[in-house]
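Student: Could you take me through how secondary structure is read from a model, starting with strands and then turning to helices?

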Amino acid sequence: MWHNSSSLGPCFRPTNITLEERRLIASPWFAASFCLVGLASNLLALRVLASARQGSSHSRSSFLTFLCGLVLTDFMGLLITGAIVVSQHAVLFDWRTVDPSCRLCHFFGVVMVFFGLCPLLLGAAMASERYLGITRPFLRPVATSQGRAWATVGLVWAAALLLGLLPLLGVGRYTMQYPGSWCFLTLGPEPGDVAFGLLFSLLGSFSVGLSFVLNTISVATLCHVYHGQEAAQQRPRDCEVEMMAQLMGIMVVASVCWMPLLVFIAQTVLRSPPAMSSSGQLSRDTEKELLIYLRVATWNQILDPWVYILFRRAVIRRLYPRLSSRPRSLSLQPQLTRRPTMA
């Protein structure tokens, strides 16, 4: 533990940044515009989702429930973190004065971990649901209810929240990060910091990797069915192609936005000699890298809703007219009761 004033909480590390530097780095107009665009995008996606869920099939209804959970998570993440960051950028308040006991900093850290992991875990849950629906239709429930899908979303939320609360239980620490406008896990050499940093990084990376594997198998199965000998009788429906296109888009966005930060966290906490000094200071280059990777990761919350909006059947048909010209195809569900009909 680094030396700190007895009147301040444990979340404050030594920092060497002036008020003028903070003003140059922290633009309230950029932060506000970023949040407004993200909130508007997620609200638009929720409106489109509400209309799409009417009259949808069981498998599509379950998938749309997962998507709704993802968009709600992104919306709330932008709303909560944006309110704090925009206020800090606009006023440039001294966090030590406003929050000497670190309650706000700890809340911010929990929020960052929670809303960071949820999209990755939900992406893996959606990939698992589509994998079972496409490659193992017998093992998948015939009618996956919306209640079961919402229960899975709730389980993901609970798991992410539990992980986010670990530093408050003694595993890891949330500390103020450069340039003094946000809090996140500590990239220090202490065993708790290393354990929590690796847990966050490896769990997020595992979710992305699992999504990649399952989505690759699902797409390969769809292509095999589409071009195989039974294509005339068992082609993928348009909605199945649409769901996989959206899921692949979500996976690509999550990988591009989050993997740099996850890899950086793992590399930093495992660095030898440690990246953080005994006084709690990180080099300015390390602090700037962390800030850049964090800003890249936050783009995930803006791009997720646009993946759903743009990768709908109406848009896909414009890019791939064959989807609208070919006859309506059958489901991938096995045909159990096909009987010959008399002429």
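Tutor: Keep in mind that this model is predicted. Strands E1 (residues 174–177) and E2 (residues 182–185) run antiparallel and are joined by 4 bridges.

Student: Which residue of E2 is the bridge partner of Tyr 174?

Tutor: The partner of Tyr 174 is Leu 185. As a general idea, side chains in a regular strand alternate between the two faces of the sheet. Here E1 and E2 form a hairpin, with 4 residues between the two strands, and in that turn Gly 180 has a positive phi of about 95°.

Student: How many residues has helix H6, and what distance does H6 reach from its first C-alpha to its last?

Tutor: Helix H6, which covers residues 146–165, has 20 residues and reaches 28 Å, close to the 28 Å expected at 1.5 Å a residue.

Student: Which residues of H6 are buried?

Tutor: The general idea is that an α-helix has 3.6 residues a turn, so residues three or four places apart point the same way. In H6 the buried residues are Ala 149, Val 153, Val 156, Ala 160, Leu 163 and Gly 164. Seen down the axis of H6, these buried residues fall within an arc of 110°, so they line one face of the helix. Leu 155 and Leu 162, on the other side of H6, are exposed.

Student: Where does UniProt place the feature "transmembrane region"?

Tutor: The unreviewed UniProt entry places this feature at several stretches, including residues 29–50, 149–174 and 290–311. In the model, residues 29–50 are 100% helix and 0% strand, with the end C-alpha atoms 31 Å apart, while residues 290–311 are 91% helix and 0% strand, with the end C-alpha atoms 32 Å apart.

Notes:
Residues numbered from 1 in each chain as written. Predicted model: local features only at pLDDT ≥ 70, side-chain atom pairs only at ≥ 80, totals over all residues. Heavy atoms only, no water. Pairing = 2+ DSSP bridges. Expected span 1.5 Å × (residues − 1). Buried < 20%, exposed > 50% of the residue type's maximum accessible area, 1.4 Å probe, protein only. Arc of directions from axis to C-beta. UniProt positions renumbered as here; feature names shortened; annotations may be inferred.
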